[in-house]
Amino acid sequence: MRAAAALAQTLAGWKGYALVALVSAGLASGAAWTAQGWRKDVYIAELRRDQQQIRADTNAAVLTALKSDIRAISEAAARAAADARALPAQVGEITKTLKNAKPLVLGCRPDGLRVRALTDTVRAARSAAAGQKPGGTVPANSGSAAKP
């Protein structure tokens, strides 16, 4: 009991008020620290949510662009398939023309018809490789069909 009486007598003066002030300051700073921690946790959670929203918006835009690109590729593939069906007929026609041409004599140059057929074949192959529709614009024959 003597110790409790000695402690009560010590805390009865200004030392008691100082101790109470010190303990109160410690409790207040701990409460403020905790409240600031909660505020920062909320702030960090909001930042993370905003970043996730930005990522979601970006991913949605990329997905939309990807769908558009896939649709364009699909349409181009459909056009190429349609052109591929028409190309053998043209090549067959040109081949038939070349087969029906008179054979060349040794040392002789090809005539105009044969040159046109070869030119048409090359032009058809190039336009098919470039992805153009077969049977497109073909320049008119402006040269004469003079035989050597």
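## Fold

From the N terminus on, the elements of the chain run α-α-α. The model is a predicted one, and its secondary structure amounts to three helices and zero strands. Helix H1 covers 2–11 and helix H2 covers 14–100.

## Burial and contacts

The chain has 148 residues, of which 6% count as buried. Its exposed surface comes to about 12,400 Å². Carbon and sulfur atoms account for 64% of that area.

Contacts between residues at least 6 apart in sequence were also sorted by separation. Of these, 50% join residues at least 24 apart.

## Nonpolar surface patch

A nonpolar patch lies on the surface, made up of Leu-7, Leu-11, Leu-19, Leu-22, Val-23 and Leu-27. Together these residues have about 580 Å² of accessible area. The elements that contribute two or more residues to the patch are helix H1 and helix H2. H2 gives the largest share, with four residues.

## Leu-19

One of the patch residues is Leu-19, which is located in helix H2. Is Leu-19 buried, exposed or partly exposed, and why? Its relative accessibility is 39%. Buried would require a value under 20%, and exposed a value over 50%. Leu-19 falls between these cut-offs and therefore counts as partly exposed.

Terms used. Residues numbered from 1 in each chain as written. Predicted model: local features only at pLDDT ≥ 70, side-chain atom pairs only at ≥ 80, totals over all residues. Heavy atoms only, no water. Buried < 20%, exposed > 50% of the residue type's maximum accessible area, 1.4 Å probe, protein only. Contact = heavy atoms within 4.5 Å. Areas by Shrake-Rupley, 256 points an atom, 1.4 Å probe, with all protein chains shown as cover. Patch = residues over 30% accessible without salt bridge, like charges linked within 9 Å, V, L, I, M, F, W, Y side chains within 5 Å. Salt bridge = Lys/Arg side-chain N within 4 Å of Asp/Glu carboxyl O.
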